[in-house]
2 protein chains.
Amino acid sequence: MSGRAVTIAEVARHAGVAVSTVSYVLSGKRAISADTRRRVLDSVRTLGYHPNAGARALASRRANVIALVLPLRAGMHVPVLMQFATSVVTAARRYDHDVLLLTADEGTDGIRRAAASALVDGLVLMDVELHDGRVDLLRELAEPSVLIGFPADPSGLTCVDLDFTRAGALCVEHLAGLGHRKLALLGAPSVVYERGTGFARRTWEGFTEAVDRYGLSGIALPCEETFEEVAAAVGGLLESHPDLTALVVHNETAVNHVLGALRLHGRRVPEDVAVVAICPDDIAERSSPPLTSVLVPAEDVGREAVRLLMDKLEGRAVPGGTLLEPRLTVRDSTRSGPA
Amino acid sequence: MSGRAVTIAEVARHAGVAVSTVSYVLSGKRAISADTRRRVLDSVRTLGYHPNAGARALASRRANVIALVLPLRAGMHVPVLMQFATSVVTAARRYDHDVLLLTADEGTDGIRRAAASALVDGLVLMDVELHDGRVDLLRELAEPSVLIGFPADPSGLTCVDLDFTRAGALCVEHLAGLGHRKLALLGAPSVVYERGTGFARRTWEGFTEAVDRYGLSGIALPCEETFEEVAAAVGGLLESHPDLTALVVHNETAVNHVLGALRLHGRRVPEDVAVVAICPDDIAERSSPPLTSVLVPAEDVGREAVRLLMDKLEGRAVPGGTLLEPRLTVRDSTRSGPA
DNA sequence: GCCCGTTGTCGAAGCGCTTCGACGCTCACT
DNA sequence: AGTGAGCGTCGAAGCGCTTCGACAACGGGC
């Protein structure tokens with residue numbers, strides 16, 4: 001495995017064919033007789049041949065690498081981001097592509113550089129804000145891209161995400177169906193709303209619209225992430241709205257603090273207060289009581305993003321926006337209606 | 001930015017020099033007159049030239065890309081892993097390198113492929129276990145690599161990590177200095193120890209050795225991560241060891257549950273029980289009370305790993321093992337000694 | 001039996017860059 | 001004035017691969 005690497009010329013010599021024949025066997029772009037193909041593949045295996053990525057990229061004008069642009073912003077729940085990231089990597093490998101990790105600290109220059117140098121064939125952008133400088137850059141880039149999340153103006157772009165508006169509404173519908181009339185949403189930290197992060201705002205809108213539509217009474221609040229602040233917020237809420245019987249929590253970090261705070265204030269879940277969370281299943285399942293939840297299907301979103309990107313790379317037309325339908329799983333935290 | 005990309009030949013023509021001259025200006029590998037250099041750089045700027053990564057890699061046998069091998073295993077604290085990852089990316093960029101993200105699901109094949117195809121010049125491995133199949137592969141690879149974490153046998157490898165043995169001991173020393181005689185360690189989930197994850201075991205050893213050295217009494221336990229289990233573990237501990245006055249927690253996820261459990265059992269921190277955590281500063285600061293802690297300097301470790309890798313790429317000799325000295329920050333959770 | 005369309009293979013021309021050797025200068029010394 | 005050592009620049013040879021056009025060999029249709 002050390003020393004100089006095996007080249008396609010050595011494989012060709014070993015198999016007694018031309019270099020181009022080896023190439024065609026490997027790419028399948030021309031018909032090759034079964035016999036020749038077998039001989040070539042045998043040689044590939046015995047010599048341990050791996051095509052040189054640089055040479056391949058140069059000749060084919062395809063690097064077989066996509067960029068994953070992943071800023072790490074305050075208030076984002078890192079484990080969920082990593083779920084997206086790993087699902088993108090796994091999906092990319094299924095299309096024989098690798099993933100280059102780009103972070104925020106280079107700003108848009110990193111994106112421009114990676115694209116202009118043909119380091120990557122396309123890009124997947126995560127953590128998209130409503131007004132996001134990177135998005136304008138993408139529009140002028142020759143390289144195709146897919147966004148995970150929707151900016152305010154998604155025209156000319158390809159975006160995938162969970163339908164957070166529906167997710168917010170779905171929580172309300174579930175609680176309304178159980179007879180709850182007075183609900184509250186505890187959302188992301190306020191900094192996330194101020195920054196204009198689409199998914200947070202859309203859940204909020206979905207929640208408030210559904211509350212209106214069902215003629216319920218609802219209050220939506222940002223939610224910070226220390227136990228102290230959560231406890232204070234929950235305490236204030238219970239005091240100012242004593243008739244509150246249900247809570248929607250859209251904040252992975254705060255979920256457990258919310259449960260702790262309810263415990264602290266002597267409220268039982270679900271008997272006194274029903275709770276629905278928008279969070280990964282493992283968080284919902286490990287809470288006590290296990291929480292009724294809408295999960296963010298990171299796996300599906302990442303896979304879909306890669307699929308769309310590969311379609312664009314092949315020149316196929318793709319829809320501008322893909323919204324995944326949320327699904328709600330009922331667990332113990334909403335087993336019963338209000339007293 | 002669309003259409004065909006600018007090539008070095010166009011830059012050369014625009015600047016009125018030879019292609020090789022442009023190359024030398026950009027790489028600095030030969031002396032170039034100030035005047036020529038300026039003309040070339042001007043042309044580079046006005047044309048918006050970015051060297052083609054594939055061509056460069058092919059000709060120079062250097063991809064200027066390193067691999068970050070990041071398995072996501074159960075029981076690992078993802079935010080901390082991401083701190084490592086971003087710090088590696090940031091550091092790599094300072095050496096003009098990009099980072100290719102490799103995950104676990106390809107196993108060692110992914111590593112072998114990336115190395116053999118010259119996709120990457122070197123590798124950084126994270127989340128290293130004591131007996132790790134990937135490690136044997138690294139030894140036979142021509143490409144240099146650096147591990148974040150130490151396997152059982154680090155011979156022939158380059159490893160960096162926080163000195164977790166010292167970290168465990170440091171917590172004990174701090175508590176001993178405050179007069180505590182009866183301590184407990186709540187560690188990682190048991191699956192992490194069973195898997196043979198070095199840092200978890202080393203903290204454990206550092207803790208128990210220090211306890212012995214100081215003639216104290218100590219008990220070390222794995223710690224699961226749901227509130228229920230933590231509460232049960234803490235409850236059991238307080239019951240079986242009523243004279244316990246100090247807790248060391250080496251589990252980012254469980255830290256807050258531990259505090260919640262102590263609250264639940266009517267113990268005040270630090271008056272009844274002192275708590276020291278090994279976790280990132282932001283977790284320690286946001287707890288209530290803020291926790292005395294030893295932080296895992298992910299930033300430093302990642303930067304150091306990249307520095308070592310670059311040294312190896314340049315053919316410089318590097319130390320086999322680098323252990324970073326832990327630092328303990330005193331906060332409210334250990335302000336006083338035992339009653 | 002002749003023509004033509006397939007099928008399978010080959011050789012060669014790049015892809016855009018780095019790097020090596022060559023070469024013409026300019027200067028500081030004899 | 002003559003020599004040799006840099007210095008600055010150039011041209012050309014690859015790096016290892018893909019892909020295009022060419023071309024045998026082979027049948028099937030007439």
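Reader: How do α1(A) and α2(A) lie relative to each other?
Author: Happy to start there. Helix α1 (residues 8–15) of chain A packs on α2(A) with the axes 8 Å apart and an angle of about 100°; axes here are lines fitted to C-alpha atoms, for helices over the stretch in contact, and angles run from 0 to 180 degrees between N-to-C directions. Angles under 35 degrees count as roughly parallel, over 145 as roughly antiparallel, 65 to 115 as roughly perpendicular and the rest as oblique. The relation of α1(A) to α2(A) is therefore roughly perpendicular.

Reader: What pLDDT do local features need?
Author: Residues are numbered from 1 along each chain as its sequence is written, chains are lettered from A and ligands numbered from 1 in the order in which they are written, and side-chain values use heavy atoms, with hydrogens and water left out. This is a predicted model, where totals for chains, interfaces and linings use all residues, side-chain atom pairs count only at pLDDT 80 or more, and local features need pLDDT of at least 70.

Reader: Back to that helix pair: which angle do α1(A) and α2(A) make, and how many residues of their contact are charged?
Author: The helices (H or I, at least four residues) and strands (E, at least two) are DSSP runs, numbered from the N terminus, and α1(A) meets α2(A) at about 100°. Contact, meaning heavy atoms within 4.5 Å, is made by A:Ile8, A:Ala9, A:Val11 and A:Ala12 of α1(A) with A:Val19, A:Val22 and A:Ser23 of α2(A). Ala, Val, Leu, Ile, Met, Phe, Trp, Tyr, Cys and Pro count as nonpolar, Asp, Glu, Lys and Arg as charged, and the others, Gly among them, as polar. In the contact of α1(A) with α2(A), six residues are nonpolar, one is polar, and the number charged is none.

Reader: Is the crossing of α5(B) and α14(B) left-handed or right-handed?
Author: In chain B, the axes of helix α5 (residues 78–94) and helix α14 (residues 298–313) come within 8 Å and cross at roughly 40°, so these two helices are oblique to each other. A crossing is left-handed if the near helix is turned anticlockwise from the far one by less than a right angle, and right-handed if clockwise. For α5(B) and α14(B), the crossing is right-handed.

Reader: Which residues come nearest to DNA strand C?
Author: A residue is near a strand if one of its heavy atoms lies within 4 Å of it, and 31 residues are around DNA strand C. By class, the surface there has six charged, 10 polar and 15 nonpolar residues. Those that come nearest to DNA strand C are A:Thr21, A:Thr36, B:Ile8, B:Tyr24 and B:Arg30.

Reader: Which element gives the most to the surface near DNA strand D?
Author: At least two residues of this surface come from each of α2 and α4 of chain A and α2 and α4 of chain B. A:Tyr49 places a polar side-chain atom 2.6 Å from a phosphate oxygen of DNA strand D, and for the side chain of B:Ser33 such a distance is 2.8 Å. With five residues, the element that gives the most is α4(A).

Reader: Where does A:Pro270 lie?
Author: Most residues other than glycine have a negative phi, and most peptide bonds are trans. The bond from A:Val269 to A:Pro270 is cis, with omega near 5°. A:Pro270 lies in chain A, in the loop between α12 (255–264) and β9 (274–278).

Reader: What is phi of B:Asp127?
Author: B:Asp127 sits in chain B, in the loop between β3 (122–125) and α7 (133–140). B:Asp127 is a residue other than glycine, and its phi is positive, near 55°.

Conventions: A polar contact is a pair of N or O atoms within 3.5 Å; within protein, one must be able to donate a hydrogen and the other to accept it, and residues adjacent in sequence count only if both atoms are side-chain atoms.
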